[in-house]
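Subject: Structure for your files

Hello,

Please find the structure below, with notes on what was found in it.

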Amino acid sequence: MDGFIAMIIISAFCFIVGIFSLKSGIRKKKVCTELAVAKIVDIHVSYGDGKERNTYSPIYAFEINGQEYKGTIGQVSKKRKDFKIGNEHNIKYNPENPKEFIDADRNATKLNGILFLVMGAVFLAIAIGIK
C-alpha cells in the first residue's frame, strides 16, 4: 500500500508540473512574437558528481532598442564543444517584455510539458499495477 501511495504522489506531481509547463510554453509561444538574432556570450556550467556529469547551457545576448538582454533558452548539452561563444541563434522575444524569449527554431517549451504528462501517466499505471 505504501508503494501505491508513493506512485500516486509522484504521478500527481508529474501531472501538475506537466500542466503548468504546457500552459507556460503555450503562453510564451503566444507572446514571444518578434524575431531577433542572439549571440552566445557565455556558457553556464552545472557541475555534477564528475566531469562526465557536468552540463553546459549557452547564455545568449541580443539587443532591442539599444538595451541588451541576456538569458538561456533551455538548451543543455553534456559536451561544452556543442556551444561556441559568438555563434548566433534565432530567438523570438516578447515585445512587451524582451527579457522573456524562446528558441525560434524548436518547440521545447511544449515538449517538456508533454514529457511530464507522459511520466505522470506511467507512474499512475505503475500505481494501478501495484494495487
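The notes below go from the whole chain to single residues.

This is a predicted model, in which local features need pLDDT of at least 70 and side-chain atom pairs count only at pLDDT 80 or more, while totals for chains, interfaces and linings use all residues. Residues are numbered from 1 along each chain as its sequence is written, and side-chain values use heavy atoms, with hydrogens and water left out.

Overall fold. The chain has 2 helices and 5 strands, in the order α-β-β-β-β-β-α along the sequence. Helices (H or I, at least four residues) and strands (E, at least two) are DSSP runs, numbered from the N terminus.

Dimensions. The radius of gyration is 18 Å, whereas a compact globule of 131 residues would have one near 14 Å. This radius is taken over C-alpha atoms, and the globule rule is 2.2 Å times the number of residues to the power 0.38. Along the principal axes, the C-alpha atoms fill a box of roughly 60 × 40 × 20 Å.

Of the 131 residues, 29% are buried (under 20% relative accessible area; exposed is over 50%, partly exposed in between; 1.4 Å probe, protein chains only). Among contacts (heavy atoms within 4.5 Å) between residues at least 6 apart in sequence, 60% join residues at least 24 apart.

Charge. There are 19 positive and 13 negative side chains, and the centres of the two sets lie 5 Å apart. Lys and Arg count as positive and Asp and Glu as negative, without His and the chain ends; the place of a charge is NZ of Lys, CZ of Arg, CG of Asp or CD of Glu.

Strand E2 (residues 55-64) pairs with strand E3 (residues 67-71) in the antiparallel sense over 5 bridges; two strands pair if DSSP finds at least two bridges between them. Ile-64 has Gln-67 in E3 as its bridge partner. The hairpin has 2 residues between its strands, and Asn-65 in the turn has a positive phi of about 50 degrees.

Two residues to look at. Lys-81 is in the loop between E3 and strand E4 (88-94), and counts as exposed because its relative accessibility is 73%. Its C-alpha atom is separated by 31 Å from that of Gly-18, 63 residues away along the chain. Glu-100, in strand E5 (residues 97-103), counts as buried because its relative accessibility is 12%. Leaving aside neighbours within four places in sequence, Glu-100 is in contact with Arg-27, Lys-28, Val-31, Cys-32, Lys-92, Tyr-93 and Asn-94.

Regards
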